[in-house]
Amino acid sequence: MREINRRGLLGAGLGAAAALSMTGCGSLGSSGSGRQDPEKGSHGGEEAHGNEGGPPGKQVRLIGDGSTADTGKQPKQPAAPVPLEAGQTPPQFVIFSWDGAGEVGNGLFPRFLELAEEHDAAMTFFLSGLYVLPEAKKSLYRPPNNPRGASDIGYLSDDHVKQTLKYVRQAWLDGHEIGTHFNGHFCGGSGSVGNWSPAQWRSEIDQAVSFVTEWRTNGGWQDLDPLPFDYRKELVGGRTPCLLGQDNLLPTAKQLGWRYDASSPGGVQMWPEKRQGVWDLPLQGIPFPGHTFEVLSMDYNILANQSKNSTNGMPSRYPGWRTQATEAYIAGFDRAYETNRAPFYIGNHFEEWNGGIYMDAVEDTLTHIAGKPDVRLVSFRQFVDWLDAQDPAVLAKLRTLQVGQAPEGGWNTFFKQA
């Protein structure tokens, strides 16, 4: 496992004087395009087939070279959202998300698909486009302000690309969202995503989409089932590498019809608002047991406060660090659940950093949360569906509640107050 100091640490906590926390991303998974005519694939053609790679009993309409397909409505989706009624307690939304979403033989992708199935949870998988591009075809990638084929994350082996395709396919059929973590994950120097223009973000997104929608051509794999969704319609949001570059991404995201962005650094546990017409859903500062400062709600940021710039710290400390990570996530959940009911976002990577303790912490947290009254374990896309169904005045009222602030007089009277 590579060390993480090549990216640099941008600050580890969210103390009172700190502007933002460390921007998290890792050695493997630190991972759309606009809405085009769904009747046209990446090569302009489409062909009807039987149920190849789609939900049982549904027709599959291949798109482009057959890397993706229109299989109809996504399975396992919640009922259409309805507006909150007067005096109703808002649901507690919890969104687990994964940056990169590549499978490298450690079994983490299927492990969390199984966990989600067990607890009837939906998640968001921010897929890195390069994780479905064979390394032999790396020259196809032209990253802004970087050499052709360059990447600050490694290309996957062909076998791991195929495994990633398998589990992305399963994830969508299980009801999860497939977003984007873009491609080369450049976080430092002149080529950093933090320096990209809106036009360069458009190029990066178009390339990410092409890698997902043309993996069959790029890999030459004709024996694999297509991804069972039209990625140009599926892709409605993403998270940038190291949480950099959102200001210049947002004009492009709006132009492409994206509904949300999860890239803002240093968010707090309050109800969200839109920026430039796009829902801004940042990772959040949460209580960090044993410290007076808060930590961003991502595995990488917790790691930076424990083993600093190493992904393999002292094994004797793993049990304590695992407990601390779990307690941080649960403290963030409890604070929202017991007060303002702000949505709670957790971001992680399919990595075995520090002996896999952050994977265990996520599993412990999800198990702790699941089944509690009013809790909804949803994807970002499902959450913005709910937001868009609400009265804007109700959402504005919810945004008046600060971090850890419960509605005075209870929820029954909150919306009646002037």
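## Basis

On a 1 Å grid over the protein atoms alone, a pocket is an open set of points where a 1.4 Å probe fits, with protein on both sides within 12 Å along at least five of seven lines, and lining residues have an atom within 4 Å of a point. A volume is the space filled by probe spheres set on the points, which are joined across faces, edges and corners.

The model is predicted, so that local features need pLDDT of at least 70 and side-chain atom pairs pLDDT 80 or more, while totals for chains, interfaces and linings use all residues. Residues are numbered from 1 along each chain as its sequence is written, and side-chain values use heavy atoms, without hydrogens and water.

The largest pocket holds about 990 Å³ of space. Among its 45 lining residues, Lys76, Gln77, Pro78, Gly175 and Gln382 are the closest to its centre. Helix H10 gives the largest share of this lining, four residues, where helices (H or I, at least four residues) are DSSP runs numbered from the N terminus.

The second largest pocket has a volume of about 210 Å³, and its lining includes Trp271, Asp280, Tyr345 and Arg399.

## Helix packing

Helices H7 (residues 299-306) and H9 (residues 357-369) pack at about 125°, their axes 10 Å apart; axes are lines fitted to C-alpha atoms over the stretch in contact, and angles run from 0 to 180 degrees between N-to-C directions. In contact (heavy atoms within 4.5 Å) are Asp299, Ile302, Leu303 and Gln306 of H7 with Ile357, Tyr358 and Met359 of H9.

Terms used:
Helices (H or I, at least four residues) and strands (E, at least two) are DSSP runs, numbered from the N terminus.
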